[in-house]
Amino acid sequence: MKRRALLIALWPVAVIAEPGLAQAVRERLQQPEWLRGDFTQTKKVPGFAKPLVSTGNFVAARGRGVLWRTLKPFASELRLTQNEIRATQGGQTSMRLDAAREPAVRLITTLMFSLLNGDVSGLADVFELTGSTKGASWQLSLTPKPGALQQVLKKVELEGDGFVRRIQLFEANGDESLIQLTGQRVDAAPEPGLFQ
Amino acid sequence: MSLEQTTRRLAGLWLVIVLACVAHNVWHWVVHKRMPVTDMLAMLPRDEQRPLAAQATQALADAGSRRVTVLIGGADAAQAQRAADAFLHSLGDDISARHRVADADSQAWLTLYTPVRAGLLSPQARARLTDAPTTELADQALAALYQPVGGPRVGAWADDPLNLFGQWLAERGQASRVRVQDGRLMLTDPDATDRHYALVLIELSGSGFEISAQRALQPRMDAAARAAEGQGAQVIRAGVPLFAAAAAEQAEREIHTIGLGSLVGIVALTLLAFRSIRPRLLVALSMAVGLAVAASVSLLVFGELHLVTLVFGSSLLGVAENYGSNYFSARQGLEAGERWAMLARQIPVVSLAMATTVIGYALLALPPFPGLRQIAVFSAVGLVAAFVTVLWWFPLLDGAGRMAPTRFAHWLGSRRALWPGLKARGLAVLLLVSVVLAGWGASRLRVDDDIRQLQSAPAALVAQQREFARLMQAPGLAQFFVVQGRDEQELLEREEALTARLRGMQLGAQAISDWLPSLRRQRADAALATRRAADMRPVLAERLGQPVASSASTQAALTPKAWLASPASEPVRAQWLGRLGEGQGTVVLLRGAESADTRAALAALKLDGVTWVDKVGEVSTLLGRYRQLMSAVLVLGFVLTWAALAWRFGRAAWRALAPTALACVLTVALLAIAGQVLQLFHILPLLILLGLGVDYGIFLLEQPGRHETRPFLSVTLAAASTLLSFGLLALSGTPALHAFGLTLLIGVFLAWLFTPLFMPQDPGSGS
């Protein structure tokens with residue numbers, strides 16, 4: 001009967017470590033319902049001499065999900081919704097996680113949205129936050145709270161102003177990713193069909 | 001030697017035997033504190049043709065019968081966990097309950113599988129590696145490398161670019177909805193994913209069907225549930241022990257109400273008829289002796305007693321009422337000195353009555369129901385013991401002096417005169433009416449042997465079980481496959497052949513070989529994965545513009561021994577039967593095999609070493625088979641009884657038998673007309689009706705005159721007592737007992753009503 005979690009499982013704790021900091025960051029951010037933008041991801045993976053660079057665009061819709069479209073060096077799509085996480089290439093599904101079977105799907109989707117959108121209160125549920133503000137810009141250092149997330153992530157660094165501009169992920173397996181976000185647009189027309 | 005001297009000697013001898021039996025009972029129940037077995041499965045026929053299937057069923061049932069699963073639901077995970085803590089705290093430490101999972105435990109599966117990951121492929125991955133072009137595989141691997149979120153992955157990308165091991169593990173995870181969250185067993189509602197449940201597993205010591213284990217647990221679980229509910233949580237309990245406890249509780253409640261009702265009724269009847277409690281006390285003594293001797297002999301024969309044997313056997317012993325009742329009806333109005341002459345006259349009559357009943361009961365031992373055999377031995381022995389007590393002890397204990405006939409007894413006995421003796425025309429009319437009723441009944445006759453009809457669990461319990469099944473989506477245990485092989489590897493290969501077929505039928509299977517692939521499969525999968533990885537490597541290097549390290553390939557394979565020794569095998573270990581017959585066996589469980597069509601298709605699957613087991617279906621079929629068998633036994637019983645009667649009454653024997661035969665037919669007809677769906681527990685009591693009804697015929701036919709009050713008094717008192725004891729079972733909430741009681745209620749009344757009609761007009765004038 002006893003089964004083991006195969007995905008990270010997160011336990012929300014509704015305590016914000018530094019309410020002042022969170023408040024300060026939130027005041028600086030625009031957090032639209034629908035956010036579009038472009039990204040450049042530079043990933044350092046142990047075993048590879050050169051970093052892996054990819055570019056593309058993304059859509060983050062509050063309460064709906066995130067679409068991560070890689071264009072270069074080759075096209076692929078990652079769609080995170082409340083019901084599933086699905087990776088596709090050329091219309092073919094290469095990975096699919098179903099929320100009905102894997103409760104962690106919703107948590108991952110929420111986490112991804114929070115990172116892209118700078119949703120501080122969402123992040124404070126699972127991370128210890130420290131950071132600072134300077135003028136219009138801010139930076140946050142996120143350390144996972146004790147729990148399953150610690151087995152996946154060591155640390156996250158966030159920087160931004162009105163938008164999140166820079167995300168640095170330090171994974172437990174040694175992978176390091178730098179994601180730079182540019183060209184964010186708040187006037188993006190809603191596309192409800194995107195996350196059905 | 002006179003009858004009196006003989007009786008006195010035999011009475012002394014009987015006293016010694018009875019005391020020995022009482023001592024045996026005290027030793028067994030009081031000194032050793034043994035309890036009757038309450039395991040209902042022990043009452044079902046051991047599957048005589050398919051011992052392997054039975055063994056597999058037994059093993060699965062054993063695994064489940066001690067476990068109660070509790071789901072504690074809250075609006076969020078934290079609330080559920082707080083409530084689970086309250087539950088566990090209230091339950092106490094001495095009860096084996098599992099909820100928290102140590103980190104080491106939750107890592108056990110990685111410790112077991114990571115070293116042998118090379119040979120582990122999910123069916124989809126295997127198909128893809130076999131068919132997909134190398135470029136497509138490379139695209140997939142690269143996408144995973146670039147994406148910010150991937151599937152669950154163990155180790156570095158270069159070790160497993162396609163994340164084959166992660167996919168395999170994810171598929172294992174799908175086997176259950178239970179997850180370890182924050183070091184606890186947790187579950188989310190599949191239809192409302194923000195509703196969380198904490199899972200607590202409680203393991204009882206001993207079989208869940210055993211009363212003592214249930215008794216100890218029930219109040220403490222209730223208190224624990226209240227503690228959890230105090231935290232605003234919802235508590236859902238499921239498991240075999242709960243159903244067993246509910247059934248035992250209901251049986252106990254009914255013994256109290258129905259049993260008390262019939263006791264009061266019978267005592268009142270005796271007081272009215274004899275104006276003395278002595279006859280009732282002596283009849284009670286004869287029954288008590290019957291019970292003690294029956295229990296003792298049954299224990300000696302079977303080694304244990306089943307609760308159902310006690311309930312049914314004691315009921316069947318109620319027929320012994322006839323003998324005591326007959327003794328006092330005959331004794332009434334006689335001086336003490338006349339009792340020996342009376343006894344000499346009565347011995348052959350009562351012996352015949354006893355013999356015909358014992359014939360009926362002994363026939364119960366014919367069908368291979370172990371429970372029925374116990375009941376047959378118990379009731380036949382008890383009946384003989386009660387009979388012997390009446391014969392040897394009553395004349396010495398019935399008190400000196402004349403037993404004055406009471407006015408009520410006289411009035412009751414003289415009611416005999418109200419029945420006309422039917423002549424040919426009257427009988428023809430009765431027969432015609434009966435034929436019409438029988439025809440009507442036959443047209444409405446419905447037979448259904450589905451064992452599920454006999455379930456009578458409380459609605460709340462059934463609702464909780466259903467909710468539990470929805471939340472857990474666990475495979476069913478009522479139908480499954482048993483797989484056998486000469487050795488472990490052949491077994492696993494056969495299982496793999498079976499699961500491949502089941503996947504083709506779009507059925508969810510839970511099989512050991514999914515967790516422990518055969519060595520042949522592990523080798524083939526490892527070879528396939530290594531070959532495709534080698535194909536991909538140059539493509540990946542070219543696309544990435546840098547060399548890709550070759551994955552460290554391992555030759556290690558997972559063996560059954562290592563698997564069984566790891567805590568990671570625990571979720572499905574119950575399906576590993578180990579030694580089965582000549583070789584090794586496992587069970588393959590299914591999801592979504594509920595429809596009759598699917599079950600028929602599964603039953604038709606023919607694969608080496610694979611056996612389909614449909615326990616519900618099989619038990620239902622067996623119940624049906626035994627219902628037919630019992631009907632045949634009943635006919636046989638009538639024939640044997642007729643032979644016994646003919647030996648004493650010659651050509652008039654039919655007069656003693658026909659009323660009961662008619663009552664039998666009409667009872668079935670009336671049950672059918674009343675809309676009862678007939679099954680074994682309607683046919684079984686007809687056999688008792690045969691024993692009882694024929695007694696009435698014998699007693700009346702001995703002195704058939706319409707103005708003979710004693711036989712009719714005896715028969716009426718006996719019938720009334722029977723209706724008060726058996727008939728009241730019709731009030732039972734247990735479907736089997738209800739069917740049993742209702743059949744006897746109608747049958748005994750009709751037999752009593754008809755018997756005087758069939759007596760000859762003039763004493764001794766045959767047909």
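**A chat about chain B and its helix α17**

Me: How much of chain B counts as buried?
Reply: Of its 767 residues, 54% count as buried, where buried means under 20% relative accessible area, exposed over 50% and partly exposed in between, with a 1.4 Å probe and protein chains only. This is a predicted model, in which local features need pLDDT of at least 70, side-chain atom pairs count only at pLDDT 80 or more, and totals for chains, interfaces and linings use all residues. Residues are numbered from 1 along each chain as its sequence is written, chains are lettered from A and ligands numbered from 1 in the order in which they are written, and side-chain values use heavy atoms, with hydrogens and water left out.

Me: How many helices and strands are in chain B?
Reply: Chain B has 29 helices and 13 strands, which are DSSP runs numbered from the N terminus (helices are H or I with at least four residues, strands E with at least two). Its radius of gyration is 34 Å, well over the 27 Å from the globule rule for 767 residues, so chain B is more spread out than a compact globule. That radius is taken over C-alpha atoms, and the rule is 2.2 Å times the number of residues to the power 0.38.

Me: And what box do the C-alpha atoms fill?
Reply: Along the principal axes, the C-alpha atoms of chain B fill a box of roughly 120 × 55 × 50 Å.

Me: Switching to α17, which of its residues are buried?
Reply: In helix α17 of chain B, residues 407–414, the buried ones are Ala409(B), Leu412(B) and Gly413(B). Seen down the helix axis, they fall within an arc of 95°, so they line one face of α17(B); the arc is that of the directions from the axis to the C-beta atoms.

Me: Why would residues a few places apart point the same way?
Reply: An α-helix has 3.6 residues a turn, so residues three or four places apart do so.

Me: What's on the face turned away, and what covers the buried residues?
Reply: The face turned away from the buried side of α17(B) carries the exposed residues Arg407(B) and His410(B). The cover over its buried residues includes α10 (240–274) and α28 (709–725) of chain B, with contact meaning heavy atoms within 4.5 Å.

Me: New topic: is Asn163(B) buried or exposed, and what about Arg275(B)?
Reply: Asn163(B) counts as buried at 9% relative accessibility, and its phi is positive, near 55°. Arg275(B) is exposed, with a relative accessible area of 60%, and has a positive phi of about 50° although it is not a glycine.
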